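User: I am new to this structure and would like a short walk through it. Please show it, then take my questions in turn.

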Amino acid sequence: MTTAEEAEAFRTLNEEWISHFFTIEESDRKTLNDPFAAIVDRSGDVLIVRDGGEIIGCVALVRSSDDVFELSKMTVLPAVRGRGIGRQLIEAAIARARELGATTLFLGSNTRLANAVHLYEAAGFQHVSSDQIPLPPYARADVFMKMAL
């Protein structure tokens, strides 16, 4: 993510996704209202997927410590879900995390998002208990996963 347009799309896509299934939490607002400060300026990254000029997906890599990152805020525009874009996002995020020096990725998700959980499993994430991930989970999180890189 490098532009204000991309930051706005990151916010819009995530607000749509989160509010569709859950309630937007204060930690979501903080990240989505200023992803440069919350993610990019802290040596993380936000990957953006475009179809032509339209931003259709995104995922964040939030640095937790020198070599541990959270895979966060992954979403795809509803009209293009089911086309493999999420899988491509995860693959790109894993590769980018390695470039950033990550040795571990973790995430929190929800059992209501069975397709997403399956996608994470297929990418190589392993289920763990909440006390095995570095950051406090979101209230909506009831699935916790980790991957060694």
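User: Which element has the highest mean pLDDT?

Analyst: This is a predicted model. The protein averages a pLDDT of 95, and 99% of the residues score at least 70. Among the elements, the lowest mean, 94, belongs to α2, and the highest, 98, to β5.

User: In what order do the strands of the sheet stand?

Analyst: The sheet is open, has six strands and shows mixed pairing. From one strand to the next, the twist averages 30°. The order is β1-β2-β3-β4-β6-β5.

User: Which strands stand at the edges of the sheet, and why is one side of each left without a neighbour?

Analyst: The order begins with β1 and ends with β5. Each of these two has a single partner strand, so one side of each has no neighbour in the sheet. The edge strands are therefore β1 (45-51) and β5 (126-128).

User: How many bridges join β4 to β6?

Analyst: Strand β4 covers residues 104-109 and strand β6 covers residues 143-148, and the two run antiparallel. T104 stands opposite A148 in β6. The number of bridges joining β4 to β6 is six.

User: At about what angle does helix α1 run to β2?

Analyst: Helix α1 spans residues 4-21. It lies across β1, β2 (54-65) and β3 (68-76). Its angle to β2 is about 90°.

User: Which element gives the largest share of the lining of the largest pocket?

Analyst: The largest pocket has a volume of about 760 Å³ and is lined by 35 residues. Two or more lining residues come from each of α1, β3, α4 (85-99), β4 and α5 (114-123). The largest share, seven residues, comes from β3.

User: Which residues lie nearest the centre of the largest pocket?

Analyst: The lining of this pocket divides into 17 nonpolar, eleven polar and seven charged residues. Nearest the centre lie W17, M74, N115, A116 and Y120.

User: Which element gives the most to the lining of the second largest pocket?

Analyst: The second largest pocket holds about 390 Å³ of space. At least two residues of its lining come from each of α2 (26-33), β2, β3 and β4. With four residues, the element that gives the most is α2.

User: How many residues in the lining of the second largest pocket are charged?

Analyst: This pocket is lined by 21 residues, and S27, T31, E70, L135 and Y138 lie nearest its centre. Ten of the lining residues are nonpolar and five are polar. The number of charged residues is six.

How values were computed. Residues numbered from 1 in each chain as written. Predicted model: local features only at pLDDT ≥ 70, side-chain atom pairs only at ≥ 80, totals over all residues. Heavy atoms only, no water. Pairing = 2+ DSSP bridges. Axes fitted to C-alpha atoms, helices over the stretch in contact; angles between N-to-C directions. Contact = heavy atoms within 4.5 Å. 1 Å grid on protein atoms, 1.4 Å probe; cavity = no way out; pocket = protein on both sides within 12 Å on 5 of 7 lines; lining within 4 Å. Points joined across faces, edges and corners; volume = space filled by probe spheres on them. Nonpolar A, V, L, I, M, F, W, Y, C, P; charged D, E, K, R; others polar. pLDDT = per-residue confidence, 0-100.
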